[in-house]
Amino acid sequence: MNEFSFDQKKIFIAHRIISTKWNIHILFILSHGPSKFSEILHIIPSISDTSLSRCLKGLQTDGIVKKTVSMDRPLQIVYELTPKGLSLAEIIPYLVIWTGIVDPYKKVNAQYPNCKIINRQ
């Protein structure tokens, strides 16, 4: 196997994860910290329950998102990024800069002041 084929395989894997509809939005939301299903659904108003569920399951399968179920009453399910997911989420601000549409160091910082990925101190 030549070096190009090896790199190409990695590119296809990254492309599949990033290009899946809604995944980049979910990664961005979870980069702020753990969230419940209903919270993610509220932040992305145009996503359906089914689509969100499918995306979260896919991200769990890829080891990017961790699902935690608490046995307290009422039952709570929380989603958060794994270390692998956090490392992937780090590229989001760079993608935003690349688009030239939003200056994340002004608008995004103001909108998401608690974001661990964007607001590095």
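How many helices and strands are there in the chain? There are seven helices and three strands. This is a predicted model, in which local features need pLDDT of at least 70, side-chain atom pairs count only at pLDDT 80 or more, and totals for chains, interfaces and linings use all residues. Residues are numbered from 1 along each chain as its sequence is written, and side-chain values use heavy atoms, with hydrogens and water left out.

View 1. Helices (H or I, at least four residues) and strands (E, at least two) are DSSP runs, numbered from the N terminus. Of the 121 residues in the chain, 30% are buried. Buried means under 20% relative accessible area, exposed over 50%, and partly exposed in between (1.4 Å probe, protein chains only). The accessible surface of the chain is about 8,300 Å². Carbon and sulfur atoms hold 60% of that surface. Areas come from the Shrake-Rupley method with a 1.4 Å probe; for residues, only the protein chains shown count as cover. A contact is heavy atoms within 4.5 Å. Among contacts between residues at least 6 apart in sequence, 48% join residues at least 24 apart.

**View 2. Three strands make an open antiparallel sheet in the order β1-β3-β2.** Two strands pair if DSSP finds at least two bridges between them. β1 (35-36) and β2 stand at the edges. Each has a single partner strand, so one side of each lacks a neighbour in the sheet. β2 joins strand β3 (residues 76-81) through six bridges, and the two run antiparallel. Helix α2 packs on the sheet and touches β1, β2 and β3. The direction of α2 makes about 100 degrees with that of β3. Helix α4 (residues 49-61) also packs on the sheet, touching β2 and β3. The direction of α4 makes about 110 degrees with that of β2. Axes are lines fitted to C-alpha atoms, for helices over the stretch in contact, and angles run from 0 to 180 degrees between N-to-C directions.

**View 3. β2 and β3 form a hairpin with five residues between them.** Lysine 66 has glutamate 80 in β3 as its bridge partner. Lysine 67 stands opposite tyrosine 79 in β3. Proline 74 lies in the loop between β2 and β3. The peptide bond from arginine 73 to proline 74 is cis, with omega near -5 degrees.

**View 4. Serine 35 sits in strand β1.** β1 pairs with β3 in the antiparallel sense over two bridges. The bridge partner of serine 35 in β3 is tyrosine 79. Serine 35 counts as buried because its relative accessibility is 8%. Leaving aside neighbours within four places in sequence, serine 35 is in contact with Ile29, Leu30, Ile40, Ile77, Val78 and Tyr79.

**View 5. Asparagine 23 is found in helix α2 (residues 23-30).** Asparagine 23 has a relative accessible area of 4%, so it is buried. Not counting residues up to four places away in sequence, asparagine 23 touches Ile17, Cys55 and Leu59. Tryptophan 22 lies in the loop between α1 and α2. At 14% relative accessibility, tryptophan 22 is also buried. Phi of tryptophan 22 is near 80 degrees, a positive value in a residue other than glycine. Most residues other than glycine have a negative phi, and most peptide bonds are trans.

**View 6. Aspartate 62 and arginine 16 form a salt bridge.** A salt bridge is a side-chain nitrogen of Lys or Arg within 4 Å of a carboxyl oxygen of Asp or Glu. By this rule the count is one. The closest N and O atoms are 3.1 Å apart. Aspartate 62 is in the loop between α4 and β2, and arginine 16 is in helix α1 (residues 3-19). The pair is 46 residues apart and links distant parts of the chain. Aspartate 62 is buried, at 17% relative accessible area. Arginine 16 is partly exposed, at 42%. Side chains of opposite charge can pair when their charged atoms come close.

**View 7. Val69, Met71, Leu75 and Ile77 form a nonpolar surface patch.** Together they have about 380 Å² of accessible area. Patches are made of residues with over 30% relative accessible area and no salt bridge; like charges are joined within 9 Å, nonpolar side chains (Val, Leu, Ile, Met, Phe, Trp, Tyr) within 5 Å. Valine 69 is in strand β2 (residues 65-70). Valine 69 is partly exposed, with a relative accessible area of 36%.
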